Amino acid sequence: MYKRQKTILCFLTIIIMLFLIGQPVTIQAGTIKNNISWGNQYQTQLSHNNQFQENKIIEKQNTQKDLIRVGIFPLGNFQMIDAQGNVSGYNIDYLGKIAENTHWNYEYVICDNWIQATQMLEDGKLDLLAPAQITTALKSRFAYTTYAMGTEYGVIYAKNDRDDLEYEDFDTMSHLTYGGVRDSSFTTRFINEYAASAGFIPEVHLFDNMTELFNALNQGEVDAVASNIMFADDNLKILGKYMPSEVYYISTPDKKEILDKIDDAMLDLELNEPTYENTLMAEYFEQYNNTQLTYAETQYISQLPEITV
């Protein structure tokens, strides 16, 4: 009996020892398993966090807009600057249309005139400028868009109160004193083409920029000036038109990427809204489509007999 109890006691002792030895192993294994599970969760969360941060960076890159510095100087309805420095006009509307495609923001940098604006562009203070005719002098300094952004042509202006002057009255025009901007294609082509074809050699006084030119006209230093149709307003009368030319955006050669994006936007505009430019021209330049009778035509009509209908 005693031996049997002793045997049972030993057996129970062995079982208890095995249990005590086995319990830490079970706990340790469970801890390792839990640690591995937590580590996997941590790595998964870290991966999610990294993906979230990457998505935020991509989203920021996609929504961030480039800032393009555009030179602006007073040029009739093409671009106007009010007393508070706000800008409006054909060019501003056109650039807004371009931005629908490029997603650009613009900083409009106010310049005194075209001469100053081209210098600032060359000095890297601007990114974009218009309206530029294709000339040898400009092509040596700047790069052009492939597509034109509008049309301009030369005009001979006089003050609107000059009742003695009429459109293309060449006899009277041959005796006027003219003003022109030095080295301007409007001046040289007025002398070499328009006046030459009309049969007179004009007396031309040269000025450094358009501001000085129109000041001379308003102060009576000259009778008329050779300039740009874009300056037309109610205070001026047109004596003649010449030299229709397409005009473009220009930038420095190192910023060709800007011009390429404008070209893409212009092409898209032409394909999807082909009448946009004409609509804009009609809004800002009504005189582009006005047909004026020459002095000779007016005289001829005045001599015709009256017809009763």
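## Ground rules

The model is predicted, so local features need pLDDT of at least 70 and side-chain atom pairs pLDDT 80 or more, while totals for chains, interfaces and linings use all residues. Residues are numbered from 1 along each chain as its sequence is written, and side-chain values use heavy atoms, without hydrogens or water.

A pocket is an open set of points on a 1 Å grid over the protein atoms alone, where a 1.4 Å probe fits, with protein on both sides within 12 Å along at least five of seven lines. Lining residues have an atom within 4 Å of a point.

## The largest pocket

The lining holds 36 residues. Nearest the centre lie Trp114, Val181, Ser184, Phe186 and Met210.

Helices H3, H4, H6 and H7 and strand S5 each give two or more residues (DSSP runs: helices are H or I, at least four residues; strands are E, at least two; numbered from the N terminus). H7 gives the most, with 5. By class, 16 lining residues are nonpolar, 13 polar and 7 charged (nonpolar: Ala, Val, Leu, Ile, Met, Phe, Trp, Tyr, Cys, Pro; charged: Asp, Glu, Lys, Arg; polar: the others, Gly among them).

## The second largest pocket

Helices H8 (256–272) and H9 (276–284) each give two or more residues. H8 has the largest share, 4 residues. The lining has 8 nonpolar and 3 charged residues, but no polar ones.
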